[in-house]
Amino acid sequence: EVTSTGNDATVTNAAVITKVLTSLNTTAGTPVAADNILAAIGKLTGTDALKANLASPTFTGTPTLPTGTIAVTQAANNNTTAVATTAYADAQASAAVSGKQNTLTNSAGLAGALSDETGTGLAVFATSPTLTTPVLGVATVTSVNGLTPTAAAVGFTLAGGTTSKTLTVPLDASVSGTNTGDQTSVTGNAGTATALQTARSIYGNSFNGGADLTQIIAPAFGGTGNGFTNFTGAATTEKIYTLPNASATILTSNAAVTPGQGGTGVNNGSSTITLGGNLTTSGAFTTTLTSTANTNVTLPTTGTVSTLAGSEALTNKTIATFNFAADAGASDAYAITLSPAPAAYTTGMIVILKANTVNTGAATVNVNSLGVKTIVKRVNTALANGDIPALSFKMLVYDGTNFVIMNPAVL
């Protein structure tokens, strides 16, 4: 497998060559003059193994590309870990915010972009962005959602809204809760309590806000003290009821007010007043009994009717009321007006008239315009001339149809 001619050696068998190369030391390194050919080949082979392939090379460590290196730009929207070229970066930036990548390279460009609130300028922000623990620094704000903040000597104020309102926050104040309209959530006892922290007394009854007041108001606070008294009467304007300034029983459960309470003790629901005792007046008083109908006064069979002019013993006597009036009519047509006026003609009604003229035959009378009635004598006999002389007093009794003269001049 190995032949030599002089100092030259020849390896002719491929198997021998393979064995030699297989046992070759391929540790990476730089060949030196003292290396034999196999050692130099081994170092070069080891060093070559550390090189990246030209096609799709894989780099390790921290590779550094020389200035001006040109690479192949990957396809648009390639979101792999491939290295992006400047062409790819520019294309992607231009697709979303054309021309903005150069403007935002300095603070002036950034300030111009941030000052644009229309959404059409150099920077477009998401609606209602969420900032996580931002540090905004010191800024001057003229309006926030229509509210104008104003610095004050102590604290600050916020003013504005659809209906102008002003909120003043003093120095070192804490404001918490959610304000919805005029409703504000508060903290502490006022935000969670279902009762007053300290109960209060209302008209003598303890009240802590936890339940409705259902107790009876005591008399000392203007109540009744029993819960069963109900006053009615005034329905529109204020009325004043004056009660005695002393303990007294105003009404009782009796059917009638007793004499001891100033009543009669008799139920007068029938409109008839019946005295259960004596009716006595004492002093210079006038007692008037007025009736427009027949009035019957029944007195005991014994006793005394006394007046300032004297007295008369009662012995089954009847006191009758005579109605008198002067005639104001013409001859043979007498007319009188009684006072009080009778409501109607009643059988047995007695009137006395003073004739103004003499009668010349049949005559009539009209009492209080109740109607013309014929005057007769002796039950049903027509009057004769001169039965009623002028200026004479005549007593007439109504028999249900005619007036009968009791004292005609001509019998």
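R378 is partly exposed, having a relative accessible area of 47%, where partly exposed stands between buried, under 20% relative accessible area, and exposed, over 50% (1.4 Å probe, protein chains only). This is a predicted model, in which local features need pLDDT of at least 70 and side-chain atom pairs count only at pLDDT 80 or more, while totals for chains, interfaces and linings use all residues. Residues are numbered from 1 along each chain as its sequence is written, and side-chain values use heavy atoms, with hydrogens and water left out.

R378 sits in the loop between β16 and β17, the strands (E, at least two residues) and helices (H or I, at least four) being DSSP runs numbered from the N terminus. Its phi is near 50°, a positive value in a residue other than glycine. Most residues other than glycine have a negative phi, and most peptide bonds are trans.

D332 also has a positive phi, near 65°, and lies in the loop between β12 (323–326) and β13; with 18% relative accessibility, D332 counts as buried. In the loop between β13 (333–336) and β14 (350–354) lies P340, which a cis peptide bond with omega of about 0° joins to S339.

The structure holds 1 salt bridge, a term for a side-chain nitrogen of Lys or Arg within 4 Å of a carboxyl oxygen of Asp or Glu. The side chains of K377 and D387 form this salt bridge, at 3.0 Å from N to O, and the pair links distant parts of the chain, 10 residues apart, with K377 in strand β16 (residues 372–377) and D387 in the loop between β17 (381–382) and β18 (393–398). D387 counts as buried because its relative accessibility is 0%, and K377 is buried with a relative accessible area of 3%.
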